[in-house]
Amino acid sequence: MNQPLRPVSTVDALADALRARVLSGEISPGTPLPEQEIAAAYGVARPTVREALAVLVHEGLLKRERNRSAYVPEVTISDLNDLMYVRRPLEDLMAQALSGRRVTAAQEALGRMAELPADAPWAAVVAEHMALHQALIEAVGSPRLVRLYSALAAETRLGLVRLRRVYEDRDVLVSEHRALLDAIAAGPEAAARKVVAEHLSHSWGADEQVSHQHH
């Protein structure tokens, strides 16, 4: 027998509200988020606040140190490069799996990104950009790949919102992603993998690349 659906929990609703404020850039890096103030502002109990903050800490959107309020971390070019370092092999698996295929959900995200009004908030552009990459990853059909990728997605999105100067021109972003989807759909596998690799290494401003020293 089917279980009745539960409404979205207060914890999830609060996490969603705080996530939106962090990703829009409304809450700037270093700003403390005291539990008592959030509880009062949203009319919820402190344990609910604690759980919601824990969700965002787990996603990499907030940091929390002992005896300090949670806060939005600063995401640097170095952090973004490290995120890309880990994302590249995951996206390479995606390119291998999807070469020769057109992914409808990714095309739709690209369409939404292209149709955003010129004065749309940068966070809205970033959200569609991340939705496009997420759709490609999900199309592979590997739950573990989705899980690994999702663990990096929120932090990547935060970095993109923070470092808008890396990608000032939305038209460039749209045309690059159109080329990316076309290359994956056209195949062959080697060509698709090459384009995906170039896309990921190029996105961060090559002049600011921070090399990884692995000993």
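The chat below goes through some local features and the nonpolar core of a predicted model.

Student: Before we start, what limits apply to this predicted model?
Tutor: Local features need pLDDT of at least 70 and side-chain atom pairs count only at pLDDT 80 or more, while totals for chains, interfaces and linings use all residues. Residues are numbered from 1 along each chain as its sequence is written, and side-chain values use heavy atoms, with hydrogens and water left out.

Student: Okay, which residues have the most contacts inside the largest nonpolar core?
Tutor: Leu53, Leu62, Leu132 and Leu136 do, in a core of 60 residues; such a core is a set of buried (under 20% relative accessible area, 1.4 Å probe, protein chains only) Ala, Val, Leu, Ile, Met, Phe, Trp, Tyr and Cys residues joined through side-chain atoms within 4.5 Å. Its largest share, 9 residues, comes from helix α6 (residues 122-139), where a helix is a DSSP run of H or I with at least four residues, numbered from the N terminus.

Student: And what does Leu53 touch?
Tutor: Leaving aside residues up to four places away in sequence, Leu53 touches Leu18, Leu33, Glu35, Ile38, Leu62, Arg64 and Ala70, with contact meaning heavy atoms within 4.5 Å.

Student: Switching to the backbone, which residues does the cis peptide bond join?
Tutor: That bond joins Gly187 and Pro188, with omega about -10°, and Pro188 lies in the loop between α8 (170-186) and α9 (189-202).

Student: What about the phi of Asn67?
Tutor: Asn67 is not a glycine, yet its phi is positive, about 60°. Asn67 is also exposed (over 50%), having a relative accessible area of 78%.

Note on methods
Helices (H or I, at least four residues) and strands (E, at least two) are DSSP runs, numbered from the N terminus.
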